[in-house]
Amino acid sequence: MQRGPFVPLFDHNALIVAIARSADREAFARLFDHFAPRVKGLLMKAGTSAELAEEVAQETLLAVWRKAAMFDPAKASAGTWIATIARNLRIDIARRETRSRLSQVYEILDEDGPEQPDAAVSGAERDVRIRAAMTELSPDQYRVVELAFLEGLSHQDVARRLAIPLGTVKSRLRLAMSHLRGKLEDLR
């Protein structure tokens, strides 16, 4: 283990600087012990699952290790800088999850058969089209589709969440899927 110059225990800015200057593992361990539980707690408070919050907290601290040389204490405190890294990582993960879920919606819409290579549209363009088509749904239909396909809830869970009958959930989904198929027909 490489030891750098003495760094006060609670001077988080100095700990990051020590990591940047000499890859000080002890400084990193102190930062990790202090900030990893806090980042996880903040993410969980914002609605992130415990497992994902743990993963993001670890990725955040690894990013601190890799990007320590980019830290400028004149611009932000260590806590602010680390919180910004965590927020950006969480946003990146949410974007990836949304893209993946939109692909799942497209697969459901394409029940009639496999996609023809010559009719294929790029994934990004397809996602934009699906999003646009979804905005044309009624608020009730949109919410049911969002819960069933984007959040992955069962029809019964959607009914419980919205406090509506199961038949209403199925009816709204059927109407929404019919609308989306009509709007996205050319993507097949």
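Q: Why does Phe 32 count as partly exposed?
A: Buried means under 20% relative accessible area, exposed means over 50%, and partly exposed is what lies in between (1.4 Å probe, protein chains only). Phe 32 has 27% relative accessibility, so the label is partly exposed.

Q: What kind of model is this, and how are its residues numbered?
A: This is a predicted model, where local features need pLDDT of at least 70, side-chain atom pairs count only at pLDDT 80 or more, and totals for chains, interfaces and linings use all residues. Residues are numbered from 1 along each chain as its sequence is written, and side-chain values use heavy atoms, with hydrogens and water left out.

Q: How do you know whether Phe 28 is buried or exposed?
A: Its relative accessible area is 16%, and that falls under the 20% limit, so Phe 28 counts as buried.

Q: Where do Phe 28 and Phe 32 lie?
A: Both belong to helix H2, four residues apart, which is about one turn of the helix. Helices here are DSSP runs (H or I, at least four residues), numbered from the N terminus.

Q: Why is the pair of Phe 28 and Trp 65 called edge-to-face?
A: Phe 28 is buried. The ring centres of Phe 28 and Trp 65 are 5.3 Å apart and their planes are at 75°, so the pair is edge-to-face. This pair links distant parts of the chain, with Phe 28 in helix H2 and Trp 65 in helix H3, 37 residues apart. Trp 65 itself is partly exposed, at 29% relative accessibility. Together, Phe 28, Phe 32 and Trp 65 form one aromatic cluster.

Q: What makes Arg 172 and Asp 140 a salt bridge?
A: The definition asks for a side-chain nitrogen of Lys or Arg within 4 Å of a carboxyl oxygen of Asp or Glu. Arg 172 and Asp 140 meet at 3.6 Å, N to O. The pair joins distant parts of the chain: Arg 172 sits in helix H8 (residues 166–183) and Asp 140 in helix H6 (residues 139–150), 32 residues apart. By this rule the count comes to six salt bridges.

Q: How far apart are Glu 146 and Arg 143 along helix H6?
A: They are three residues apart, so about one helical turn separates them. Their side chains form a salt bridge at 2.7 Å, N to O. Glu 146 is partly exposed at 21% relative accessibility, and Arg 143 is partly exposed at 29%.

Q: Why does Arg 160 count as exposed?
A: Its relative accessibility is 57%, and over 50% means exposed. Arg 160 also forms a salt bridge with Asp 157 (2.7 Å, N to O), and Asp 157 is partly exposed at 29%.

Q: Why are H6 and H8 described as roughly perpendicular?
A: Angles of 65 to 115 degrees count as roughly perpendicular, under 35 as roughly parallel, over 145 as roughly antiparallel and the rest as oblique. Axes are lines fitted to C-alpha atoms, for helices over the stretch in contact, with angles from 0 to 180 degrees between N-to-C directions. The axes of H6 and H8 come within 9 Å and cross at roughly 95°, so the two helices are roughly perpendicular to each other. Among the residues making the contact are Asp 140 and Val 144 of H6 and Arg 172 and Leu 173 of H8.

Q: Which residues does Leu 89 touch?
A: Contact means heavy atoms within 4.5 Å. Not counting residues up to four places away in sequence, Leu 89 touches Val 56, Glu 59 and Thr 60. Leu 89 is found in helix H4 and counts as buried, at 18% relative accessibility.

Note on methods: Rings of Phe, Tyr and Trp (its six-membered ring) pair if their centres lie within 6.5 Å; planes under 30 degrees apart count as stacked, over 60 as edge-to-face and the rest as tilted.
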